[in-house]
Amino acid sequence: VLMDCHMPEMDGFEATERIRALPGARGRVPIVALTASTLPEDLAACRRSGMDDVLIKPVSLVSLSTVLQ
């Protein structure tokens with residue numbers, strides 16, 4: 001899942017926490033944050049919510065390829 005951190009209604013942090021609460025393999029799907037923020041506390045929030053990795057916008061093809069591998 002490529003997860004936008006700042007969505008309306010439910011942000012990516014809450015969405016990730018809900019996915020992680022799902023039973024079995026559904027709760028362990030890889031989740032990669034997409035964010036424009038480079039602040040350490042924002043990147044830490046991605047990890048705390050259960051995201052596996054973070055991509056900083058704008059995303060290059062090289063960084064996307066690396067994360068997907």
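Analyst: Buried means under 20% relative accessible area, exposed over 50%, and partly exposed in between, using a 1.4 Å probe and protein chains only. Helices (H or I, at least four residues) and strands (E, at least two) are DSSP runs numbered from the N terminus. This is a predicted model, in which local features need pLDDT of at least 70, side-chain atom pairs count only at pLDDT 80 or more, and totals for chains, interfaces and linings use all residues. Residues are numbered from 1 along each chain as its sequence is written, and side-chain values use heavy atoms, with hydrogens and water left out.

User: Which residues of H1 are buried?

Analyst: An α-helix has 3.6 residues a turn, so residues three or four places apart point the same way. The buried residues of H1 are Gly12, Phe13, Ala15, Thr16, Ile19 and Arg20. They sit on the same side of H1 because they cover an arc of only 165° around the axis, the arc being that of the directions from the helix axis to the C-beta atoms. Their cover includes strand S1 (2-4) and H2.

User: Is Thr16 buried or exposed?

Analyst: Thr16 lies in helix H1. Leaving aside residues up to four places away in sequence, Thr16 touches Met3, Ile31, Ser49, Gly50 and Met51, where contact means heavy atoms within 4.5 Å. With a relative accessible area of 0%, Thr16 is buried.

User: What covers the buried residues of H2?

Analyst: In helix H2 (residues 40-49), the buried residues are Ala45, Cys46 and Ser49. They cover an arc of only 105° around the axis, so they are on the same side of H2. The face turned away from that side carries the exposed residues Pro40 and Arg48. The cover of the buried residues includes helix H1 (12-20), strand S2 (32-35) and strand S3 (53-56).

User: How do the axes of H1 and H2 cross, and what is the handedness?

Analyst: Axes are lines fitted to C-alpha atoms, for helices over the stretch in contact, and angles run from 0 to 180 degrees between N-to-C directions. The axes of H1 and H2 come within 8 Å and cross at roughly 20°. That makes H1 roughly parallel to H2, as angles under 35 degrees count as roughly parallel, over 145 as roughly antiparallel, 65 to 115 as roughly perpendicular and the rest as oblique. A crossing is left-handed if the near helix is turned anticlockwise from the far one by less than a right angle and right-handed if clockwise; this one is right-handed.
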